[in-house]
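Here's a quick briefing for anyone opening this one for the first time. Have a look around, then read on for a guided tour.

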Amino acid sequence: MIADGVEDEEKWLSAGIAGLQQNAFYMNRAMDSNNLRDALKFSAQMLSELRTSKLSPQKYYALYMRAFDELKRLELFFKEEAQRGCSFIDLYELVQHAGNILPRLYLLCTVGSVYIESKEAPAKDVLKDLVEMCRGIQHPLRGLFLRSYLSQVSKDKLPDIGSNYEGSYTDCESFILLADPELRLAIGLSGLQGPAREKEKREKERNALRDLVGKNLHALSQIEGVDLDMYKETVLPRVLEQVVNCKDDLAQFYLMDCIIQVFPDEYHLQTLEVLLSACPQLQPSVDIKTVLSRLMERLSNYAASSTEVLPEFLQVEAFAKLNNAIGKVIEAQVDMPIFGAVTLYSSLLTFTLHVHPDRLDYADQVLGACVKKLSTIGKLDDNRATKQIVALLSAPLEKYNDIVTALKLSNYPRVMEYLDNETNKVMASIIIQSVMKNNTRISTADNVEALFELMKGLIKDLDETYEEVDEDDFKEEQNSVARLIQMLYNEDPDEMFKIITVVKTHVMTGGPKRLPFTVPPLVFSTLKLVKRLQGQEENPFANETSTTPKKIFQLLNQIIEALSSVPAPETALRLYLQCAEAANDCDLEPVAYEFFTQAYILYEEEISDSRAQVTAIHLIIGTLQRMHVFGVENRDTLTHKATGYSAKLLKKPDQCRAVYGCAHLFWNDDQDNMKDGERVLLCLKRALRIANAAQQMSSAARGSTGSVTLFVEILNKYLYFFEKGNPQITVAAIQSLIELITTEMQSDSSTPDPAADAFFASTVRYIQFQKQKGGSIGERYESIKA
Amino acid sequence: MASRRRMLLKVIILGDSGVGKTSLMNQYVNRKFSNQYKATIGADFLTKEVQFDDRLFTLQIWDTAGQERFQSLGVAFYRGADCCVLVYDVNVMKSFDSLNNWREEFLIQASPPDPENFPFVVLGNKIDVDGGNSRVVSEKKAKTWCASKGNIPYFETSAKDGFNVEAAFECIAKNALKNEPEEDPYLPETIDMTGGQQQRSSGCEC
């Protein structure tokens, strides 16, 4: 049905064009032979094609444009005729013989424009005459195009300042305004015609036609005579009066938009009150939020264009007026969807941020009004509205590039309350990104508190219901929280401690899924604070409230303990060891011991995976080796335990490696009281026994002995301690180890292992090298045969 | 006498909202400039007489709405254009990026018979702003684009102080003049007897 309509229309248009072209052909021929009478006749026939009622506005426009091009030639011809002595009055009379009214009026307008150009008659009289006659066409489509033609051909002939045509502003104003009111009525009425099922089509047609109406306003704005005073006193009030009186929502919306777009910013600023006062008088169905948003957008851009224009805004109290108007509109239009209200507040906020960057109270006021509106409907579930809220809340971040400024807006978090959980998270992520991008330093506990309050969507589950979340998204967002935690910093240790305490309180509420992401950065941030304090002398004036490493370690203990609820024993163990080392650096033996104890408990009770155990053991050995704070007793307990754990690992090779690693626990190069050669040797011998056992087990199980790698590793340990001067490590022991390896490698039952061969070969090369070095080292190595 | 068709040269100015299309036209035709931004609604033209080789031509310069919502009737006025001017603001990257769309849209809608060789001219406007400090599209970049589209002539202009406007429009007019008439002259398919009768009755000798 619709397709048919379109096809029909195409057909009508083609027919119209064909008729038009044919007549245009004869018209041109007549003009070429200077035959005025025929030229007029064929032009009238050509223009008759415009009498059709079968075309939609766009198609009609296509036809009209062809006629228009032809009329331009006719216009040139009329000028030639005038040069040949034909008077315009005669021409003016002659064209009136055209039989149909529409062609007659097109021809009249054409002659009229040339007539004015000739200055044989006052422009204003001719124009007035034409305007009056054009009123004769009542059909909206044909009438609008005709008037548009008149307005177009006479545009550059309006009496205006500096123009060639005499007259005053009032003449051309009356011309434009005269042409207007019934047009608007026409556009309005055409919407009411026709059966209801065609309403959609009608709306579309009316929408297409609106430019013809808007053009009049455009023409008005181009007239130089319309200065600010004129605009303020006459033009705007009269245009608005017509807009209000036309009572058609579509026309009202469009015309308001046109007024805003075609007149300059300065005019709008100086007439804000008048313009805004028209808004409540429009039909309730007018999309007023878009009108006002566009006005504010325009003015925001104007404000942003140059600081020189800002005083204009202040002088007219633009913010107060807009704020007031928006309040009234929202109040009056009870049915306005929340999306609309939020859009308005968002535009107003952008406006005030541009115009009054120093007035945070204005911004807060806008947010406050938005909260008030939101409170009437509760949590949002309108997708478009939430998007607008995100835009609203992002605006201050984009303007100031500093979350700290936004944190001063008391209503900012209150707006966020109304977002659904998902959007709340999105907003929180935007905030974090802003901090990252601008490298914002958030340096007071109060700000951190406010910030974490804003981000709580990322910090904890907002309600009980289980939400399906994408694992990767979750990781990404938690990683961003982790990065943020690292950004918090204050020079003053006391304030920094407060910050950490605040973060801890928030992070602890995160639950088992988030803690593994948030606890480590918090621990490391805290350890950085410890490091800062560590070099300082004990403050003699320190009171109970001042921050001491001891106090911080207590806090750290609590923080890491939280991981037990996850559970994440491996992470916790690493963190305990880090803390132990920090306590060591602060010379706090009992604290360090306590952290080790915690790590050991985790090892014994929580870490059951054999690979995890191997990793943990090596971490323990490594940390313990570096500790210097422990007294003999504590140290013995801890090393004893560590060796015990090592020997109890599941796999023999793992046991072996852990045990020879333990040898280092008894030998610290930097401290003479920690060089227990005997126990080093015990460890190495034990490792050797385990390696032997491993070799036998492998031969029993597979019929071939395993690789000699473990022996070569142990040999390297022997060489290390030998070189360090451990008297217990003898040349003989090394010599026999080398022989053992050589024999093993040559045995038939051994599995070939090129890596082990290479390892051994380079060990032997090392020995040779040390020999050649000479000096005390060379002397030491001298007796080893390899 | 010369065909009236060839005495009228039709030029269309296209480009994003706010790049200065109206200002360029006003500067060229009326030698006037206003800093105030006023949106254009629909399409409208100004005319200017130009002289080439002792012949007088009327340049019909069509200024268009950069904002789509003010172009509700469509673009039937593209038809019969002799030259298309693409304008961007050298201080706004997006307006430069849009040139391609404007060009393609024009070629589709106006469907000239030889789109490959249809004359375009590109103007980089507002070079006066902030002493050139806020410029984001380099002359080189613009020229590279123009070269890639079949060596479109390129001008850097300032509608505000009139810089290069006259030269640009001279080039526009020359290119418009070089453009062949887009359609074959219309010829009635058959001798129209009714038309003939009408002519007789009006006393014409043809």
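A word on terms before we start: helices here are DSSP runs of H or I with at least four residues, strands are runs of E with at least two, and both are numbered from the N terminus. Keep in mind that this is a predicted model.

**Chain B at a glance**

- Chain B is built from seven helices and six strands.
- Going along the sequence, those elements come in the order α-β-α-β-β-β-α-α-β-α-β-α-α.
- Chain B has 206 residues, and 51% of them are buried.
- Take the contacts in chain B between residues at least 6 apart in sequence: 72% of these link residues at least 24 apart.

- Strand 2 of chain B pairs with strand 3 of chain B in the antiparallel sense, and the pairing runs over ten bridges.
- One pair to look for is B:L46, whose bridge partner in strand 3 of chain B is B:I61.
- Two residues sit between the strands of this hairpin, and B:D53 has a positive phi near 50 degrees there.
- Strand 2 of chain B is mostly covered, with seven of its ten residues buried.

**Where chain B meets chain A**

- How many residues does each chain bring to the contact? Chain B brings 41 and chain A brings 53.
- The size of an interface is often given as the accessible area lost when the parts come together.
- For chain B and chain A, that buried area is about 4,300 Å², with 51% of it on carbon and sulfur atoms.
- There are three salt bridges between chain B and chain A. One of the salt bridges joins A:D69 to B:R79, with their closest N and O atoms 3.5 Å apart.
- On the side of chain B that touches chain A, the elements giving two or more residues are helix 1 (4-7), strand 1 (8-15), helix 2, strand 2, strand 3 (55-64) and helix 7 (193-201) of chain B.
- Strand 2 of chain B gives the largest share of that side, with five residues.
- Sorted by class, the side of chain B that touches chain A has 17 nonpolar, 14 polar and ten charged residues.

**Two asparagines in chain B**

- B:N125 is part of strand 5 of chain B.
- The side chains of B:N125 and B:T157 are joined by a polar contact of 3.1 Å.
- Setting aside neighbours within four places in sequence, B:N125 is in contact with several residues, including B:V19, B:L24, B:Y88, B:D89 and B:S158.
- B:N175 belongs to helix 6 (residues 165-178) of chain B. Because its relative accessibility is 14%, B:N175 counts as buried too.
- With neighbours within four places in sequence left aside, B:N175 is in contact with B:D82, B:C83, B:P119, B:V121 and B:P153.

- Most residues other than glycine have a negative phi, and most peptide bonds are trans.
- B:R31 has a positive phi near 50 degrees and isn't a glycine. You'll find B:R31 in the loop between helix 2 (21-30) and strand 2 (43-52) of chain B, and B:R31 is exposed at 52% relative accessible area.
- B:S111 isn't a glycine either, yet has a positive phi of about 30 degrees. B:S111 sits in the loop between helix 4 (99-110) and strand 5 (120-125) of chain B, where B:S111 is partly exposed at 49% relative accessible area.
- Over in chain A, the peptide bond from A:V566 to A:P567 is cis, with omega near -10 degrees. A:P567 is in the loop between helix 29 (549-561) and helix 30 (569-585) of chain A.

**One more stop in chain A**

- A:A694 is in helix 35 (residues 677-702) of chain A and is buried, with 14% relative accessible area.
- A:A694 and A:C656 are 38 residues apart in sequence, and their C-alpha atoms are 8.9 Å apart in space.
- Leaving out neighbours within four places in sequence, A:A694 is in contact with A:K652 and A:L710.

Technical notes
Residues are numbered from 1 along each chain as its sequence is written. Chains are lettered from A and ligands numbered from 1 in the order in which they are written. This is a predicted model: local features need pLDDT of at least 70, side-chain atom pairs count only at pLDDT 80 or more; totals for chains, interfaces and linings use all residues. Side-chain values use heavy atoms; hydrogens and water are left out. Buried means under 20% relative accessible area, exposed over 50%, partly exposed in between (1.4 Å probe, protein chains only). Contact means heavy atoms within 4.5 Å. Buried area is the accessible area (1.4 Å probe) that two parts lose on being put together, summed over both. A salt bridge is a side-chain nitrogen of Lys or Arg within 4 Å of a carboxyl oxygen of Asp or Glu. Ala, Val, Leu, Ile, Met, Phe, Trp, Tyr, Cys and Pro count as nonpolar, Asp, Glu, Lys and Arg as charged, and the others, Gly among them, as polar. A polar contact is a pair of N or O atoms within 3.5 Å; within protein, one must be able to donate a hydrogen and the other to accept it, and residues adjacent in sequence count only if both atoms are side-chain atoms. Two strands pair if DSSP finds at least two bridges between them.
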